[in-house]
Amino acid sequence: MSTALAAEKPVALIIAQGGLGDQSYNDLAYAGFKKAVAEAKLEGKPVESKDVVAQAADILRRASDAGFGLVVDLEYSHGDALATVAKDYAGTDYVILNQVKPGANVASVLFQEQEGSYLAGALAALVATDTSVKGMNGKPIIGVIGGTKSVGIDKFIVGYIQGARDMNPKVEVKVAYSNNFGDPAIGLQMAKAMYDGGANVVYQVAGGTGLGVIQAAKETGHYAIGVDTDQDGVAPGAVLTSMIKRTDVAVETVVKDYAAGKFPGGKTVTLGLAEDGVGLSPMKYTHDLIPAATLTKIESVKKDILSGKIKVWNVVDQGYPDFFK
Amino acid sequence: MGVAMLPALSRAAGVAAPFALAVVIGAIVLAATGHEPLGVYGLMASEAFGGERRIAATLTAATPLLLTGLAAAVAFRSGIFNVGAEGCFYLGGMVAAVLGFALGDWPSVLLIPVALVGAAIVGGLWLVGPGVLRARLGVDEVVTTLMLNFIAVDLTSWLVNGPLLARGSANSATAPIAVGAELPRLLPPTTLHLGFVISLALVALYGLWSRFTVAGFRSRIVGLNARFSRAVGIHVSSTFLRMMVLSGLIGGLAGGIHALGLVHRFVAGFSPGYGFTGIAIALLGRNSALGIILAAIVFGALSSAGATMQLFSDVPIEIVEIMQGAVMIFAVAKFGFGQARGARA
């Protein structure tokens, strides 16, 4: 990690399944990558492959053999291969997202999704009982649909429930899992069932399946909450807000740190509200529907999280809380 | 008439022509998008075959294709258009991965064969239905096997997002297999593993079987002319069923080898379509062992070089996909020509 030399070496970004053009995770990460590479005047290459799952070690080793100084890997299934390859190439730095892997030349990036989800839950609970907001039935009922029952997804769900309960202890949060990240039809059915059951807002944490949740909100005149990217524009007016994960900020930050000789090797970088790594969308289409007092309340909740006054539960570190077993 | 006089030469040209056409089309696309075709092809060749590590990467990429190509070929030569290897691959991969961690304390010499045989059996059983439907009722196997692919992919996707999801994993993946279940690597640190040798051996075995055994001859005659076969007393419907199940066994084994040799667990997106690429490989190789091996290596080369050449150029992955697509189209066109000729003869 000698700084002067390291910065002259090229950097690579391994694109995850789904490829560039997904208007989501990969595109967002690539945008941050391009920005950092241009500003740091580095040579940067994205690597896409249809066979990306199987080619983990081959691509990582090829980049390392060819003298790349930094390899940022977006593909989740590459975690173990990356940790193994990193041991053999002390002169190359590696970044893996959404998981922690060991190695002095490996930086792991985690997002505090529970913090952004807390804000989403708080907002959902506040508007659900507010009949001045178009389409709300006034009952404190909201919902969330997760892609799979895992700690990675429950991290979002528990933050959402906690935020909702802190605004209204009587809130009922309907929770369901689609066991699928790629089927909008399932998301549509499950969300419609929740809206039929009285839910006013449904948060989707289910990737492509979640697009069906947004569709259901649009068809039934209710609200959905988007995830990962700003999905407010998917169905303008039907998406209350989106819980954005700033993968672009994450990639941009590590590439710039690398270029400046400050690569966080061996460390876990956590990006939360404070780092602008997660947060709510600007609510371009719903901003005017929501009372100003509610938005002010959300801002003050955010400040309380930042100051440490509100501690948001992290399922990955803390296990499951009493209110969600 | 020239074709009849020079059969060997014509066959070789038949295999090479789709590649040659794909290379020409690729060159046109490259030139039109402001790239220098010769330079790009030079880089592609060196990323595919330039040195031990790159050759190993190419052979690793060719490994699943050898067997999915073989799975397609054993069915095609008997006149069964089985397109269900993709589903068998998924199921076989999942079964081998689950056995690979569930029986993790078994010794490797037992664990690996059991996991691979389990993968093959599931693949074979998966195609019993389409095999029986085709053999007994004449139900179109293209439809049944294609539909079963969707079921297999969704079934494994549900399992890996539900009951079999690894604890603590944020994404769809099973627990990793035990170290003892991993197929040995042949050229560390490259990913080339024993599965390549197994696959190559099976394709070679198929070559001997199809050429020198009675069963191999019979299955080909059934494919060439089912009515004639019936007339000379070959049990056609049982041949159909047997070849369909054999194809499924090989497809399942391919997935098992991929899980134990390379991925070391089952994950979402386990196959990017190896089963379908296998169809192109069988068509291109005209169901011959040598043809399958050559076609699998060429597709493996396109795959491995296609990924890593992006490190050294601005050529997008799409150019490789265009070339793969073009090869497939011309391979199928070739097949149609061969069929038409066969029918007239």
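I began with helix α8 of chain A: its buried residues pack against β6, α7 (184-196), β8, β9 and β10 of chain A. I count a residue as buried if 20 or more other C-beta atoms lie within 10 Å of its own, as exposed if 12 or fewer do, and as partly exposed in between, with C-beta atoms placed from the backbone. For packing I use contact, where two C-beta atoms, placed from the backbone, lie within 7 Å. Helices (H or I, at least four residues) and strands (E, at least two) are DSSP runs, numbered from the N terminus.

A note on the source: this is a predicted model, where local features need pLDDT of at least 70 and side-chain atom pairs count only at pLDDT 80 or more, while totals for chains, interfaces and linings use all residues. Residues are numbered from 1 along each chain as its sequence is written, and chains are lettered from A and ligands numbered from 1 in the order in which they are written.

Next I looked at α8(A) residue by residue. Eight of its 11 residues are buried, so the rest of the structure largely encloses this helix. Among the buried ones I found A:Leu211, A:Val213 and A:Ile214.

I call two strands paired if DSSP finds at least two bridges between them.

At one end, three bridges join β10 (residues 239-245) of chain A to β12(A), and the two run antiparallel. There I found A:Met243 with A:Leu280 as its bridge partner.

Last, I checked the neighbour: 33 residues of chain A are in contact with 32 residues of chain B. On the chain A side, β2 (44-47), α3 (56-65), α4 (79-88) and α6 each give two or more residues. The most come from α3(A), with seven.
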